[in-house]
Amino acid sequence: MSSPNLLESSPVSLSSQRRRKSAFTYRQLAQLATSTTSCPLRVIAHIDLDAFYAQCEMVRLDIPPDKPLAVQQWQGLIAINYPARAFGLNRHVTITEAIKQCPDLIMQHVATWKEGDEKWAYHEDSFKNMATHKVSLDPYRLESRRILATIKEHLPAAPISKVEKASIDEVFLDLSTHVHGIMLERFPELKGPPPYDDPTEQLPRPPTTALEWQTDALVDLDSTETEDDDPDWDDVAMVIASEIVRSVRAKIFEALKYTCSAGVARNKMLAKLGSAHKKPNQQTIIRNRAVHHFLSDFKFTKIRNLGGKLGDEIVAAFSTDTVKDLLEVPVEQLKKKIGDDTGTWLYNIIRGEDHSEVNPRTQIKSMLSAKSFRPSINTLDTAVRWIRIFVADIFSRLVEEGVLENKRRPKTLNLYHRQGAQTRSKSASIPMGRAMDETLLFDIAKGLLAQVVSEGRAWPCANLSLSVSGFEEGVTGNKGIGGFLLRGDEAKAISAAVREPSEVRNPETPPPSKRRRVEESGIQRFFGARQESSGGNSEREEQQDFHMKDEIREAHSPFDVPPSAQLASDDTPKAHAEMQSGHSDDDPSRYTCSRCNSTLLVTEQGEHDDWHFAKDLAADLAAEERTNTAAREQSRPASISLSTQPKGKGRGRPPNVVKAEKGQKKLQFG
Ligand code: TTP
Ligand code: CA
Ligand code: CA
């Protein structure tokens, strides 16, 4: 995978004669092997797909790479390929403007779930049907998964390399251990024990050579460094990492025809800035000797987590928005003005210090499917139809998680309902003794909705969301479809094909307590209403509001960042994330979310807030679920019960959210 001529000889320079020892010690080399986060030789990469959804459509439709294409969602464009960007198109132009600017633009609408359908599809008229369709990001999730699998196949297994999926179109790689292995092979002098067995001894210098950076974009060096200075081991590690990344990118292209850009640096923060530095289809290396120069060119408000209110506060406190000026401020003064933790964090971040780990978590902990209604919906019929779509959406994702093969199975189903400023949530156990299928989930979900409705004040409803949580591993008792063990897509395809009326497919009746409740509520007719008509509904035509967007998310934790927010997609210390909000930079049409610091269109704010709100609720429930597990076990088989949580004030984070792992703000977008 790597080029053998990493190092080419060049004349011995004066400086190398002066400095015969490396700046790095044997201990630090050993830390590279274990990928210690504080190791100064550490090598982290960030890979981000170019114009991702647009590329997915180009690959799917086999469109030549030079054709301009944009991905449409209702009346907006959510991804624009690079040929189309050459015409000046971006996410904020309207469809009319886009066609004016680029008459040959191919516009492909995202796939949607159409009310009444069993599966999402690419519908030609979906953009006219926002009220009855719901966006499906499944096609992009599937491609994302294939890309992730290709990356993993091409790298040694963990713990030699670590891969963290950071969003639907990006990953972090910790290549430290892998690079360490290659370094020892290429430079056997590194294998020996340290002189005097003292790990604080400095390493010998690398051979005096010019490093072969191939086509990498190298960030300019700090002013104190020159290209004539001999490389040290950190440069060597970075060249090796960049060879690996180049070959991973080549592999992705060869196998799947996707281009991506990458950043290579000593930590996640810098690697991520690097991948965005030169696009498309390029990789940028931020050598340690270039970090200060690279960062000092930025306004600090451009650094992740510093774009919002926190950034504004810092600008106000120190009368500057440049990293360069802020570097002059002593840490004590930073702490005094913005608090100890934030001050220390800021001091380190602007110096390019970030010790967050690459976290190869893979397990999905919950799944959410949601829709905001603008205007609100007013009838139970409509609500039930949406619930049916949510269930189909979640179930298809569950199939991919292996529920049919009994690999994993969620324990709880949660429904959120928003009316005015009040959100109510209901949750229910998913009975373990029954086959997991759509009917089961649909029946439980309708029961939850019935509870909300029976309590009154259900309409008009502005948002409905459904989620599953509490995944358990390797459960038995799911007889699935005919007991066949099927994998992913295959199982999914078959399950879609064999759908029959609920009575035939799933002869078991709902648990008695559930039935009773629903009957008591007086809306029993909805309880068996799986075969809804998807015919015309005059109300639906009036519901079209082209500023509305769907939400359809998978979640890892309450700190997940929504798709449109994935630029903010990693380890923000919670305290910082919470401090931020406000309007973005100089563009009045944009705002910066106070929760995740992502920059969004002002018109997207409602849905974005809803999304956080739903996540908070999901987190709330997850926490509650843990503390109440015992109580819930006792309540079986009375599957429906549990919490009603009026959230009068709405938007704040509930007090008992699940904590993210130390140093990790988890998120995922795909
Ligand atoms: P990005 O990686 O931010 O953008 P991109 O991949 O389209 O382009 P780039 O080459 O600059 O990386 O987002 C990945 C996908 O996420 C994008 O293709 C579409 C989706 N997305 C939205 O739907 N809404 C948004 O506001 C953003 C930023 C992205
Ligand atoms: Ca991208
Ligand atoms: Ca991205």
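Donors are N, O and S atoms within 2.8 Å of the metal (3.2 Å for Na, K and Ca), and since water is not among the atoms, sites may look incomplete. The structure is a predicted model, in which local features need pLDDT of at least 70 and side-chain atom pairs count only at pLDDT 80 or more, while totals for chains, interfaces and linings use all residues. Residues are numbered from 1 along each chain as its sequence is written, chains are lettered from A and ligands numbered from 1 in the order in which they are written, and side-chain values use heavy atoms, with hydrogens and water left out.

**Exercise 1. Describe the site of the calcium ion (ligand 2).**

Solution. Step one is to list the protein donors: Asp48 (OD), Leu49 (O) and Asp169 (OD), at 2.1 to 2.3 Å from the ion. Along the chain, these donors follow the spacing D-L-x119-D.

Step two concerns geometry. Six donors count as octahedral if opposite donors are over 155 degrees apart and all others between 65 and 115. The 6 donor atoms around the calcium ion (ligand 2) subtend angles of 77 to 172°, and the arrangement is therefore octahedral.

Step three turns to the neighbouring ion. Asp48 bridges the calcium ion (ligand 2) and the calcium ion (ligand 3), with 3.5 Å between the two ions.

Step four is accessibility, where buried means under 20% relative accessible area (1.4 Å probe, protein chains only). Asp48 is buried, at 12%, and Leu49 is buried as well, at 5%.

**Exercise 2. Characterise the largest cavity.**

Solution. A cavity is a set of points, on a 1 Å grid over the protein atoms alone, where a 1.4 Å probe fits but cannot get out; lining residues have an atom within 4 Å of a point. Grid points are joined across faces, edges and corners, and a volume is the space filled by probe spheres set on the points.

By this rule there are 8 cavities of 30 Å³ or more, and the largest cavity holds about 80 Å³.

Next, the lining is assigned to elements, helices (H or I, at least four residues) and strands (E, at least two) being DSSP runs numbered from the N terminus. Strand E3 (44-49), helix H6 (138-154), strand E9 (162-167) and strand E10 (170-174) each supply at least two lining residues. H6 gives the most, with 4 residues.

**Exercise 3. Determine how helix H3 (residues 52-61) is placed, and relate Glu143 to its residues.**

Solution. Of the 10 residues of H3, 7 are buried, so the helix is largely enclosed by the rest of the structure. Among the buried residues are Phe52 and Cys56. The buried residues pack against E3, strand E4 (69-73), strand E5 (76-80), E6 and H6. After H3 comes Asp62, with a positive phi near 55°.

Glu143 lies in helix H6 and counts as buried at 13% relative accessibility. Contact means heavy atoms within 4.5 Å. Leaving aside neighbours within four places in sequence, Glu143 is in contact with Phe52, Cys56 and Tyr258.

Key:
1 Å grid on protein atoms, 1.4 Å probe; cavity = no way out; pocket = protein on both sides within 12 Å on 5 of 7 lines; lining within 4 Å. Tetrahedral: all angles 85-135°; square planar, octahedral: opposite > 155°, others 65-115°. Buried < 20%, exposed > 50% of the residue type's maximum accessible area, 1.4 Å probe, protein only.
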